[in-house]
Amino acid sequence: MPRALLALAIGAFGIGTSEFVIMGMLPQVAAEFSVSVAAVGILISAYALGVVLGAPTLTALGVRFTPRQTLIALMVVFTVGNALSALAPSYETLMAARVITALAHGSFFGVGAVAARALVPREKGTQAISLMFVGLTLANVVGVPIGTFVGQEVSWRLVFAGAGVIGLLTIGGLVAWMPRVAGAPTDLRQELGAFRRRQVWTTLAVTTIGFAALFSVYSYITPILTDLSGVPEGAVPFLLALFGVGTTVGTLLGGRLGDRYGFVFVTVGLLATAALLVVFTFVVVVPVVAVVLLVLFGAITFSGGPVVQNRAIEAAQVQGGSLVSAANQGAFNAANALGAALGAATLDAGWGYRAPMWVGAVLALLGAVLSVAVVRDQRAEAARESARVEPATTAAVRAA
């Protein structure tokens with residue numbers, strides 16, 4: 001695999017660490033600025049707003065440039081945002097800095113996925129995307145725990161400074177390793193035209209509905225483990241790290257198997273997710289079994305991520321496809337919001353902590369149904385391409 005994929009993975013690692021590490025440093029930030037923990041929690045929402053605003057806006061602005069140029073510019077934004085966060089003299093400045101940092105998030109993954117596919121043969125596109133995404137999963141296994149420790153024991157400012165250094169390393173890697181021919185400038189009108197294709201919307205629907213199953217459960221995994229499984233609260237961070245290991249393994253496997261089996265792999269994965277969550281509701285009271293299923297849950301759900309991302313770009317059927325790719329990143333964030341909200345609704349109704357698992361099972365089944373439409377579209381496109389190639393081949397043979 002090209003070294004440029006390492007640069008993309010490093011960037012994904014930095015983004016993932018910067019996004020999630022704030023959750024473990026809320027008291028420290030609140031104490032320094034003399035505000036409430038709840039006020040600092042708004043920084044998380046501010047970051048999410050930055051992702052929503054930045055993904056379509058910066059991607060649209062970047063279509064006139066090569067992916068290499070756009071990715072470097074996005075990492076500059078990310079690095080500046082983290083530097084401002086580390087130096088922020090006030091709470092308001094820190095909030096603005098977090099929004100600036102977040103602007104690069106969705107666009108980096110969207111444009112990065114397009115660049116990753118351009119670095120390898122078409123039949124290895126999903127695997128290339130998975131190698132970039134694995135940087136994000138490793139952030140939750142390594143970056144966030146280390147960053148949280150440093151933020152709590154030394155200084156939260158040092159954590160954001162470290163994220164800025166990762167941004168500089170990514171810029172260096174992109175400059176040194178990303179080929180100038182990894183993609184080309186495109187036309188915004190052409191990119192927007194891709195959204196007229198039904199295949200694009202069905203793929204985005206699978207991302208939004210199917211992956212909401214993950215977040216309907218994971219958003220409440222701590223009380224599920226402590227209240228239902230009887231796991232000690234102190235053991236939860238270790239179990240979440242195991243979950244992160246599962247997501248990393250799943251992402252890598254998804255890259256390889258997705259290239260081999262296409263979107264059928266996503267359909268099977270969603271059906272397996274639904275079945276696993278149904279089983280989970282019955283065996284969650286057995287701690288060892290619950291932990292094993294938690295790791296499997298992470299592996300299965302994350303294995304479909306690179307496949308869906310690759311399919312979104314293919315469904316656009318335009319040169320580039322960065323805008324659709326970024327939109328799929330937005331769909332992942334929509335899945336996060338949808339799954340967490342539906343899970344919260346069941347808890348507010350008093351149905352207990354098993355209810356989010358049932359919600360996840362239903363969402364996974366709905367996602368599997370939608371994925372069947374994507375598989376049909378994929379096979380229809382392959383048949384049309386074969387029909388175009390066959391006459392040309394026949395004519396060439398006759399001419400010879």
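Start by selecting Arg 311 and Glu 314 in helix H15: being 3 residues apart, they are separated by about one helical turn. Helices here are DSSP runs (H or I, at least four residues), numbered from the N terminus. The model is predicted, so local features need pLDDT of at least 70 and side-chain atom pairs pLDDT 80 or more, while totals for chains, interfaces and linings use all residues. Residues are numbered from 1 along each chain as its sequence is written, and side-chain values use heavy atoms, with hydrogens and water left out.

Now show the side chains. Arg 311 and Glu 314 form a salt bridge at 3.9 Å, N to O; the term means a side-chain nitrogen of Lys or Arg within 4 Å of a carboxyl oxygen of Asp or Glu. Arg 311 is buried, with a relative accessible area of 2%, and Glu 314 also counts as buried, at 19%. Buried means under 20% relative accessible area (1.4 Å probe, protein chains only).

Next, pick Arg 197 and Glu 381, whose closest N and O atoms are 3.4 Å apart in another salt bridge. Arg 197 lies in the loop between helix H8 (188-193) and helix H9 (198-210) and Glu 381 in helix H17 (residues 355-399), so the pair ties together parts 184 residues apart in sequence. Glu 381 is buried, at 12% relative accessibility.

Finally, select Arg 117, Arg 197, Arg 311, Glu 314 and Glu 381 together: they are linked in a network of salt bridges.

Note on methods: Buried < 20%, exposed > 50% of the residue type's maximum accessible area, 1.4 Å probe, protein only. Helix = DSSP H or I, 4+ residues; strand = E, 2+ residues; numbered from the N terminus.
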